[in-house]
Amino acid sequence: MAGDEHDVTLTFGGNATTLLRLGPFTLLTDPNFLHRGQRAYLGYGLFTKRLTEPALQPTQLPVLDAILLSHLHDDHWDAIATRSLPKDTPVVTTPAAARELAEKGFGATSDLTDWQTHELTSGTTTLRITSVPGVHGPGLLGRLLPPVMGSVLELVDDGTVTWRGYISGDTLYRRDIGEVLQRCGPLDVAIPHLGGTKAYGFTVTMDGRQGADLVELLRPAVVVPVHYDDYTAFNSPLGDFVAEVATRRAPGEIRTVGRGQTISLRAT
């Protein structure tokens with residue numbers, strides 16, 4: 001069921017899976033339905049075990065306007081998602097992920113390159129999705145891992161942006177993420193993927209320090225951290241990020257959200 005035209009909310013399913021109700025649009029991000037104890041394959045012989053139960057399952061989902069996928073790893077799109085999600089649901093993702101999903105039968109993929117946009121329209125309201133560059137690992141490792149994108153989501157009503165949010169995807173912190181502000185404008189919300197994920201001894205997602213760097217750089221009104229304690233590969237708990245932000249007195253209101261909980265994404 002689509003949300004009220006003024007609603008902007010997030011329901012947290014665990015890991016990077018969220019159900020976003022953005023005005024008349026309903027989006028699912030990074031669908032991960034594996035159960036506690038099951039393993040996600042990350043490639044090159046590397047697995048990580050889920051430590052938590054997901055709060056959302058495919059049977060609980062409303063009709064979706066689109067799925068937003070940062071990249072194709074099992075902890076962001078698993079075999080349950082492939083089996084259970086409707087094949088005609090639009091999936092907005094990277095070109096590499098779009099090709100693989102098309103082979104699995106998903107026929108409505110939109111493959112975005114850096115800074116390319118995709119739009120959904122309902123009446124006079126548009127949801128504009130802009131792909132933001134991400135780097136999933138340092139050096140050669142980054143080239144071996146799947147391409148990743150962040151996303152800027154903008155609600156546009158009669159030509160005016162009424163809300164703007166940024167989802168980092170599984171990227172490391174980089175100063176050039178600040179281009180989000182130059183190209184798109186100030187952010188109402190930032191949703192960073194944290195956890196300090198380790199692969200072959202290297203950090204491949206933001207830890208608490210990098211997450212605080214991101215908050216200082218982008219200065220959003222609200223910050224909703226996700227992707228921090230669901231898998232054994234995570235090495236930086238949520239407390240690292242909260243403490244680092246508090247120490248720096250970084251801007252923005254930190255809103256932590258429990259699995260299955262729904263919160264507003266508007267500033268108070």
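Start with strand β3 (residues 25-29) and strand β6 (residues 66-68), which run parallel and are joined by 3 bridges. Strands here are DSSP runs of E with at least two residues, helices are runs of H or I with at least four, and both are numbered from the N terminus. Two strands pair if DSSP finds at least two bridges between them.

Before going on, note that this is a predicted model: local features need pLDDT of at least 70, side-chain atom pairs count only at pLDDT 80 or more, and totals for chains, interfaces and linings use all residues. Residues are numbered from 1 along each chain as its sequence is written, and side-chain values use heavy atoms, leaving out hydrogens and water.

**Stop 1: the sheet around β3.** Select L27; opposite stands A66 in β6. Now widen the view to the open sheet of 7 strands, ordered β8-β7-β6-β3-β2-β1-β18, with mixed pairing. Its edge strands are β8 (109-111) and β18 (262-264), each pairing on one side only. On average, neighbouring strands of this sheet are turned by 25 degrees against each other, direction ignored. The axes behind that angle are lines fitted to C-alpha atoms, for helices over the stretch in contact, and angles run from 0 to 180 degrees between N-to-C directions.

**Stop 2: another sheet.** Select strand β11 (residues 149-157) and strand β12 (residues 160-167). They pair in the antiparallel sense over 7 bridges. Pick L155 and find its bridge partner, W163 in β12. Both strands belong to an open sheet of 7 strands with the order β9-β10-β11-β12-β13-β16-β17 and mixed pairing. β9 (117-122) and β17 (253-254) are at the edges with a single partner strand each, so one side of each has no neighbour in the sheet.

**Stop 3: T205.** Go to the loop between β15 and α5 (208-218), where T205 sits. Is T205 buried or exposed? T205 counts as buried because its relative accessibility is 0%. The cut-offs are under 20% relative accessible area for buried, over 50% for exposed, and partly exposed in between (1.4 Å probe, protein chains only). Draw a distance from the T205 side chain to the backbone nitrogen of G196: 3.4 Å. Then show the C-alpha atoms of T205 and Y228, which are 9.6 Å apart although 23 residues separate them along the chain.

**Stop 4: Y200.** Finish in the loop between β14 (198-199) and β15 (202-203), at Y200. Y200 counts as partly exposed because its relative accessibility is 45%.

Note on methods
A polar contact is a pair of N or O atoms within 3.5 Å; within protein, one must be able to donate a hydrogen and the other to accept it, and residues adjacent in sequence count only if both atoms are side-chain atoms.
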